[in-house]
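Subject: Structure for your files

Hello,

Here is the structure for you to look at. My notes on it come after the display.

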Amino acid sequence: MIDGRAVGPMGANCYIYACMESKKAVLIDPGADGKKIHRWVMDKGMHIDYILLTHGHVDHIGAVDELRDLLGDVQVGIHSGDAEMLTDGRKNLSSYFGPGVVLKSADFFLEDGQEISVGKERLKVIHTPGHSPGGICLWSSEGLFSGDTLFAGSIGRTDFPGGSMELLIRGVKEKLFTLPDSTRVLPGHGEETSIGEEKHDNPFLT
């Protein structure tokens, strides 16, 4: 089961991915509105084992520590390339907008090819640097959580520190476009799309 909603002033998409049989779930990119996300999870009747972060920019991590407290026994994972963004307001870009968001360190690192069990479901980590050094996507049987790597009709910005247009486009074409055209793409901002649509219509990738 996949459910998502936009949170915070930048409208970052936060997702629940769950095994309906076991009621175990992961929370992906809780960028803001921690109490609202907690109520959403409770209303769904899910137990969150992991908070998984597609990258370390503030609009995708802002509510992590609040949810650690609200959810209790939960582990936070991020790719090592973005790990310092959790603990450094300058690196997660929050210092540009105010005093800066500084969070606790991750509990574990996500690695390319790693699989995360979610009850009887699984998520596979796909490292797609370019928007940030540790940017990842998460592939499941129900769709691809693409973070800020791939959007409907667009791609992630590469002008932030550590960004690379070359790496981002290579990652999309070599790793994401090998998935079936019918694969749902659930991006970090905006509406969902599919691999097939982006192969044929995305002006940055055609």
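Predicted model: local features only at pLDDT ≥ 70, side-chain atom pairs only at ≥ 80, totals over all residues.

Helix pair

Two packed helices are described by the angle between their axes and the distance between the axes. Here the pair is helix α1, residues 34–44, and helix α3, residues 64–71. Their axes come within 9 Å and cross at roughly 40 degrees, which means that α1 is oblique to α3. The crossing of α1 and α3 is right-handed.

On the α1 side, the contact is made by Gly 34, Lys 35, Ile 37, His 38, Val 41 and Met 42. On the α3 side, Glu 66, Leu 67, Leu 70 and Leu 71 take part. By class, the residues in this contact of α1 with α3 are six nonpolar, two polar and two charged.

The largest pocket has a volume of about 260 Å³. It is lined by 13 residues, and the closest to its centre are Met 10, Asp 59, Asp 148, Arg 157 and Phe 160. Seven residues of the lining of the largest pocket are nonpolar, three are polar and three are charged.

The second largest pocket holds about 160 Å³ of space. Its lining also comes to 13 residues. Nearest the centre of the second largest pocket lie Met 85, Lys 91, Pro 133, Pro 161 and Gly 162. The lining of the second largest pocket divides into six nonpolar, three polar and four charged residues.

Regards

Terms used. Residues numbered from 1 in each chain as written. Heavy atoms only, no water. Axes fitted to C-alpha atoms, helices over the stretch in contact; angles between N-to-C directions. Helix = DSSP H or I, 4+ residues; strand = E, 2+ residues; numbered from the N terminus. Parallel < 35°, antiparallel > 145°, perpendicular 65-115°, else oblique. Left-handed = near helix turned anticlockwise from the far one by under 90°. Contact = heavy atoms within 4.5 Å. Nonpolar A, V, L, I, M, F, W, Y, C, P; charged D, E, K, R; others polar. 1 Å grid on protein atoms, 1.4 Å probe; cavity = no way out; pocket = protein on both sides within 12 Å on 5 of 7 lines; lining within 4 Å. Points joined across faces, edges and corners; volume = space filled by probe spheres on them.
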